[in-house]
Amino acid sequence: MLRQVAEGVLVHESEFCQSNAVVVQGQGGVLLIDAGVLGDELACLANDLSDSGQTVVAGFSTHPHWDHLLWHPSLGAAPRYGTASCAATARDRLSGGVDAVAKAVGIPEGVPLDLLGLITGLPAETTRIPWDGPRVRIIEHQAHAPGHAALLIGERGVLVAGDMLSDVLIPMLDLNGTVDPIEDYLAALRLLEGVAGDVDVFVPGHGSVGGADEVRARIDQDRGYLHSLRDGRALSDPRVGPSAKDGWEWVAGVHERQLQRLA
Ligand SMILES: [Zn+2]
(Lines give C-alpha, C1' and ligand atoms only; values in the text may rest on other atoms or scores of the structure.)
Protein backbone atom coordinates (compact mmCIF):
# COMPACT_ATOMS: atom_id res chain seq x y z
CA MET A 1 0.00 0.00 0.00
CA LEU A 2 1.25 3.44 -0.89
CA ARG A 3 1.43 6.04 1.84
CA GLN A 4 1.89 9.74 1.11
CA VAL A 5 4.77 11.29 3.08
CA ALA A 6 4.89 14.67 1.32
CA GLU A 7 3.09 16.33 -1.56
CA GLY A 8 3.60 14.08 -4.57
CA VAL A 9 5.87 11.65 -2.69
CA LEU A 10 4.65 8.23 -1.57
CA VAL A 11 6.29 5.27 0.16
CA HIS A 12 5.62 1.55 -0.21
CA GLU A 13 7.00 -0.51 2.68
CA SER A 14 8.01 -4.12 2.11
CA GLU A 15 7.57 -7.07 4.46
CA PHE A 16 11.24 -7.78 3.73
CA CYS A 17 13.45 -5.86 6.16
CA GLN A 18 11.08 -2.91 6.22
CA SER A 19 12.42 -1.83 2.82
CA ASN A 20 11.03 1.43 1.51
CA ALA A 21 10.25 2.06 -2.14
CA VAL A 22 9.65 5.71 -2.99
CA VAL A 23 7.32 7.06 -5.66
CA VAL A 24 7.75 10.66 -6.83
CA GLN A 25 5.02 12.15 -9.00
CA GLY A 26 6.16 14.09 -12.03
CA GLN A 27 4.52 15.70 -15.06
CA GLY A 28 3.99 12.64 -17.24
CA GLY A 29 4.40 9.82 -14.74
CA VAL A 30 6.31 8.75 -11.66
CA LEU A 31 9.91 8.17 -10.68
CA LEU A 32 10.34 4.95 -8.69
CA ILE A 33 13.31 4.78 -6.32
CA ASP A 34 14.45 1.34 -5.01
CA ALA A 35 11.34 -0.33 -6.42
CA GLY A 36 10.86 -3.02 -3.78
CA VAL A 37 11.77 -6.61 -3.02
CA LEU A 38 9.06 -9.29 -3.10
CA GLY A 39 7.37 -10.16 -6.41
CA ASP A 40 3.81 -9.89 -5.14
CA GLU A 41 4.55 -6.53 -3.54
CA LEU A 42 6.12 -5.19 -6.72
CA ALA A 43 3.10 -6.38 -8.70
CA CYS A 44 0.78 -4.78 -6.13
CA LEU A 45 2.68 -1.50 -6.40
CA ALA A 46 2.46 -1.64 -10.20
CA ASN A 47 -1.30 -2.24 -9.88
CA ASP A 48 -1.80 0.63 -7.47
CA LEU A 49 0.04 2.93 -9.83
CA SER A 50 -1.84 1.86 -12.94
CA ASP A 51 -5.19 1.99 -11.11
CA SER A 52 -4.50 5.62 -10.33
CA GLY A 53 -3.50 6.27 -13.94
CA GLN A 54 0.21 6.68 -13.28
CA THR A 55 2.99 5.21 -15.40
CA VAL A 56 6.53 4.70 -14.25
CA VAL A 57 8.71 6.95 -16.42
CA ALA A 58 12.03 6.44 -14.61
CA GLY A 59 13.61 4.26 -11.96
CA PHE A 60 16.61 4.80 -9.70
CA SER A 61 18.65 2.46 -7.49
CA THR A 62 20.36 4.14 -4.55
CA HIS A 63 23.14 1.55 -4.44
CA PRO A 64 24.31 -1.78 -5.86
CA HIS A 65 22.90 -4.19 -3.27
CA TRP A 66 20.43 -6.72 -4.61
CA ASP A 67 17.47 -5.51 -2.55
CA HIS A 68 17.78 -2.09 -4.18
CA LEU A 69 18.26 -3.33 -7.75
CA LEU A 70 14.99 -5.14 -8.38
CA TRP A 71 12.20 -4.52 -10.87
CA HIS A 72 9.05 -6.20 -12.09
CA PRO A 73 7.78 -6.58 -15.67
CA SER A 74 4.46 -4.95 -14.75
CA LEU A 75 6.30 -1.76 -13.83
CA GLY A 76 7.12 -1.33 -17.52
CA ALA A 77 10.29 -0.59 -19.41
CA ALA A 78 11.24 2.87 -18.16
CA PRO A 79 14.95 3.68 -17.98
CA ARG A 80 16.42 2.67 -14.64
CA TYR A 81 19.33 4.70 -13.37
CA GLY A 82 22.02 4.65 -10.73
CA THR A 83 25.32 6.46 -10.34
CA ALA A 84 28.08 5.39 -12.73
CA SER A 85 29.86 3.59 -9.93
CA CYS A 86 26.66 1.89 -8.75
CA ALA A 87 25.90 0.60 -12.25
CA ALA A 88 29.47 -0.58 -12.83
CA THR A 89 29.52 -2.41 -9.49
CA ALA A 90 26.16 -4.06 -10.17
CA ARG A 91 27.31 -5.17 -13.61
CA ASP A 92 30.53 -6.53 -12.22
CA ARG A 93 28.88 -8.45 -9.37
CA LEU A 94 26.27 -9.92 -11.71
CA SER A 95 28.76 -10.89 -14.38
CA GLY A 96 28.81 -14.49 -13.11
CA GLY A 97 25.04 -14.75 -13.50
CA VAL A 98 22.10 -13.85 -11.30
CA ASP A 99 21.72 -17.33 -9.85
CA ALA A 100 25.27 -17.35 -8.51
CA VAL A 101 24.65 -14.03 -6.74
CA ALA A 102 21.31 -15.22 -5.39
CA LYS A 103 22.97 -18.28 -3.91
CA ALA A 104 25.98 -16.42 -2.54
CA VAL A 105 24.00 -13.75 -0.71
CA GLY A 106 20.98 -15.90 0.13
CA ILE A 107 18.23 -14.05 -1.70
CA PRO A 108 14.92 -15.39 -0.34
CA GLU A 109 12.11 -17.07 -2.28
CA GLY A 110 9.59 -14.82 -3.91
CA VAL A 111 12.05 -12.28 -5.22
CA PRO A 112 11.84 -11.77 -9.00
CA LEU A 113 15.38 -11.91 -10.34
CA ASP A 114 14.92 -11.59 -14.10
CA LEU A 115 15.37 -7.83 -14.16
CA LEU A 116 17.86 -7.61 -11.29
CA GLY A 117 20.49 -4.92 -11.73
CA LEU A 118 19.58 -3.79 -15.23
CA ILE A 119 20.40 -0.16 -14.58
CA THR A 120 22.05 2.54 -16.63
CA GLY A 121 24.86 4.46 -14.99
CA LEU A 122 24.48 8.23 -15.15
CA PRO A 123 27.68 9.99 -16.21
CA ALA A 124 29.98 10.65 -13.24
CA GLU A 125 29.30 14.01 -11.57
CA THR A 126 25.65 14.01 -12.66
CA THR A 127 23.87 16.06 -10.02
CA ARG A 128 20.23 15.41 -10.86
CA ILE A 129 18.09 12.58 -12.14
CA PRO A 130 17.10 13.20 -15.77
CA TRP A 131 13.32 13.15 -15.76
CA ASP A 132 10.29 15.38 -16.16
CA GLY A 133 9.37 16.03 -12.53
CA PRO A 134 10.55 17.78 -9.38
CA ARG A 135 14.29 18.25 -9.32
CA VAL A 136 15.97 15.31 -7.61
CA ARG A 137 19.50 16.07 -6.48
CA ILE A 138 21.96 13.19 -6.39
CA ILE A 139 24.21 13.26 -3.33
CA GLU A 140 26.82 10.64 -4.12
CA HIS A 141 29.23 9.37 -1.51
CA GLN A 142 31.19 6.26 -0.56
CA ALA A 143 29.41 5.05 2.58
CA HIS A 144 27.85 1.56 2.72
CA ALA A 145 28.35 0.62 -0.95
CA PRO A 146 30.19 1.88 -4.03
CA GLY A 147 28.37 4.73 -5.76
CA HIS A 148 25.78 5.05 -3.01
CA ALA A 149 23.48 8.03 -3.59
CA ALA A 150 21.13 9.84 -1.29
CA LEU A 151 18.49 11.85 -3.13
CA LEU A 152 17.16 15.25 -2.14
CA ILE A 153 13.81 16.29 -3.57
CA GLY A 154 14.21 19.89 -2.47
CA GLU A 155 10.83 21.30 -3.49
CA ARG A 156 9.06 18.51 -1.60
CA GLY A 157 11.39 18.65 1.41
CA VAL A 158 12.19 14.94 1.10
CA LEU A 159 15.51 13.17 1.59
CA VAL A 160 15.73 9.59 0.34
CA ALA A 161 18.64 8.33 2.42
CA GLY A 162 19.35 4.91 0.90
CA ASP A 163 20.85 2.56 3.48
CA MET A 164 21.67 5.26 6.04
CA LEU A 165 19.77 7.00 8.86
CA SER A 166 17.87 3.85 9.78
CA ASP A 167 16.23 3.30 13.14
CA VAL A 168 16.71 -0.47 12.82
CA LEU A 169 20.02 -0.96 10.99
CA ILE A 170 23.37 0.24 12.24
CA PRO A 171 25.73 1.78 9.67
CA MET A 172 26.80 -1.19 7.57
CA LEU A 173 30.26 -0.48 6.28
CA ASP A 174 31.62 -1.20 2.84
CA LEU A 175 34.55 -3.16 4.24
CA ASN A 176 35.90 -4.32 0.90
CA GLY A 177 35.49 -1.26 -1.23
CA THR A 178 37.44 1.51 0.47
CA VAL A 179 40.63 2.14 2.41
CA ASP A 180 38.91 3.89 5.31
CA PRO A 181 35.26 2.80 5.45
CA ILE A 182 34.55 4.57 8.74
CA GLU A 183 35.87 7.92 7.54
CA ASP A 184 33.99 7.51 4.24
CA TYR A 185 30.81 6.92 6.18
CA LEU A 186 31.44 9.93 8.42
CA ALA A 187 32.05 12.06 5.32
CA ALA A 188 28.72 10.91 3.88
CA LEU A 189 26.95 11.82 7.12
CA ARG A 190 28.44 15.31 6.85
CA LEU A 191 26.95 15.60 3.35
CA LEU A 192 23.53 14.62 4.72
CA GLU A 193 23.94 17.00 7.63
CA GLY A 194 24.64 19.75 5.10
CA VAL A 195 21.15 19.38 3.62
CA ALA A 196 19.31 18.53 6.87
CA GLY A 197 17.90 22.07 7.04
CA ASP A 198 16.00 21.44 3.79
CA VAL A 199 14.46 18.18 5.00
CA ASP A 200 10.89 17.89 6.26
CA VAL A 201 10.74 14.12 5.77
CA PHE A 202 13.45 11.50 5.25
CA VAL A 203 13.05 7.95 4.05
CA PRO A 204 15.70 5.38 4.99
CA GLY A 205 16.15 2.32 2.78
CA HIS A 206 15.02 0.17 5.72
CA GLY A 207 13.08 1.29 8.78
CA SER A 208 10.84 4.12 9.81
CA VAL A 209 10.28 7.32 7.88
CA GLY A 210 11.20 10.33 10.01
CA GLY A 211 10.40 14.01 10.20
CA ALA A 212 12.46 17.19 10.36
CA ASP A 213 12.80 16.87 14.12
CA GLU A 214 14.41 13.44 13.78
CA VAL A 215 16.89 13.82 10.96
CA ARG A 216 19.71 15.24 13.07
CA ALA A 217 19.10 12.65 15.80
CA ARG A 218 19.46 9.85 13.25
CA ILE A 219 22.64 11.42 11.87
CA ASP A 220 24.00 11.68 15.43
CA GLN A 221 23.03 8.09 16.16
CA ASP A 222 24.88 6.79 13.08
CA ARG A 223 27.86 8.99 13.90
CA GLY A 224 27.87 7.79 17.51
CA TYR A 225 27.97 4.20 16.32
CA LEU A 226 30.91 4.91 14.00
CA HIS A 227 32.83 6.79 16.66
CA SER A 228 32.54 3.96 19.16
CA LEU A 229 33.62 1.50 16.47
CA ARG A 230 36.57 3.69 15.47
CA ASP A 231 37.67 4.49 19.01
CA GLY A 232 37.09 1.01 20.43
CA ARG A 233 34.60 2.32 22.96
CA ALA A 234 31.79 0.25 24.45
CA LEU A 235 28.74 0.41 22.26
CA SER A 236 25.53 1.94 23.45
CA ASP A 237 23.16 1.83 20.51
CA PRO A 238 19.46 0.97 20.73
CA ARG A 239 19.67 -0.96 17.44
CA VAL A 240 22.05 -3.54 18.92
CA GLY A 241 21.24 -5.86 21.82
CA PRO A 242 18.07 -6.30 23.87
CA SER A 243 16.63 -2.96 22.75
CA ALA A 244 16.69 -4.00 19.06
CA LYS A 245 13.23 -4.09 17.51
CA ASP A 246 11.54 -7.48 17.09
CA GLY A 247 12.98 -9.30 14.12
CA TRP A 248 16.17 -7.22 14.07
CA GLU A 249 18.17 -9.22 16.60
CA TRP A 250 20.54 -10.22 13.76
CA VAL A 251 21.92 -6.67 13.61
CA ALA A 252 24.05 -7.54 16.66
CA GLY A 253 25.80 -10.13 14.47
CA VAL A 254 26.56 -7.48 11.85
CA HIS A 255 28.08 -5.35 14.58
CA GLU A 256 30.23 -8.25 15.80
CA ARG A 257 31.49 -8.91 12.28
CA GLN A 258 32.34 -5.26 11.76
CA LEU A 259 34.20 -5.18 15.06
CA GLN A 260 36.25 -8.23 14.09
CA ARG A 261 37.06 -6.97 10.63
CA LEU A 262 38.25 -3.62 11.94
CA ALA A 263 40.21 -5.04 14.86
ZN1 LIG B 1 22.49 -1.86 1.15
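Is histidine 63 buried or exposed? The structure is a predicted model, and in it histidine 63 is buried, with a relative accessible area of 0%.

**The zinc site**

Histidine 63 belongs to the zinc site, where the protein donors are His63 (NE2), His65 (ND1), His144 (NE2) and Asp163 (OD). These donors lie 2.1 to 2.2 Å from the zinc ion. Along the chain, their spacing reads H-x1-H-x78-H-x18-D. Histidine 63 and aspartate 163 thus link distant parts of the chain, 100 residues apart. Histidine 63 sits in the loop between E5 and E6, whereas aspartate 163 sits in the loop between strand E10 (158–162) and helix H4 (181–195). Aspartate 163 is also buried, with a relative accessible area of 11%. The arrangement around the zinc ion is irregular because the 4 donor atoms subtend angles of 89 to 174°, while a tetrahedral assignment would require all angles to lie between 85 and 135 degrees.

**Histidine 72**

Another histidine, histidine 72, lies in the loop between strand E5 (56–60) and strand E6 (80–83). Histidine 72 is buried, with a relative accessible area of 17%; this value counts as buried because the limit is under 20%. The side chain of histidine 72 makes a polar contact of 2.6 Å with the side chain of serine 74. Beyond the residues up to four places away in sequence, histidine 72 touches Gly39, Leu42, Ala43, Pro112 and Leu115.

**The nonpolar cores**

The largest nonpolar core holds 31 residues, of which Leu159, Met164, Leu165 and Leu226 touch the most other members. Two or more residues of this core come from each of strand E9 (148–153), E10, H4, helix H5 (212–231) and helix H6 (251–262). The greatest contribution to this core is that of H4, with 7 residues. Methionine 164 has contacts with His141, Ala143, His148, Tyr185, Ala188, Leu189, Leu192, Pro204 and Asp222, leaving aside residues up to four places away in sequence. A second, separate core of 23 residues includes Trp131, Val136, Val201 and Val203.

**Salt bridges**

The count of salt bridges comes to 10.

Glutamate 214 and arginine 218 are separated by about one helical turn, because they are 4 residues apart in helix H5. Glutamate 214 is partly exposed, with a relative accessible area of 32%, whereas arginine 218 is buried, with a relative accessible area of 6%.

Where in the chain do arginine 239 and aspartate 222 lie? Arginine 239 is in the loop between H5 and H6, and aspartate 222 is in helix H5, so that the pair links distant parts of the chain, 17 residues apart. Arginine 239 is buried, with a relative accessible area of 2%, and aspartate 222 counts as buried at 1% relative accessibility. Salt bridges that share partners also join Glu193, Asp220 and Arg223 into one network.

Methods. Residues are numbered from 1 along each chain as its sequence is written. This is a predicted model: local features need pLDDT of at least 70, side-chain atom pairs count only at pLDDT 80 or more; totals for chains, interfaces and linings use all residues. Side-chain values use heavy atoms; hydrogens and water are left out. Buried means under 20% relative accessible area, exposed over 50%, partly exposed in between (1.4 Å probe, protein chains only). A polar contact is a pair of N or O atoms within 3.5 Å; within protein, one must be able to donate a hydrogen and the other to accept it, and residues adjacent in sequence count only if both atoms are side-chain atoms. Contact means heavy atoms within 4.5 Å. Donors are N, O and S atoms within 2.8 Å of the metal (3.2 Å for Na, K and Ca); water is not among the atoms, so sites may look incomplete. Four donors count as tetrahedral if all angles lie between 85 and 135 degrees; four count as square planar and six as octahedral if opposite donors are over 155 degrees apart and all others between 65 and 115; anything else is irregular. A nonpolar core is a set of buried Ala, Val, Leu, Ile, Met, Phe, Trp, Tyr and Cys residues joined through side-chain atoms within 4.5 Å. A salt bridge is a side-chain nitrogen of Lys or Arg within 4 Å of a carboxyl oxygen of Asp or Glu.
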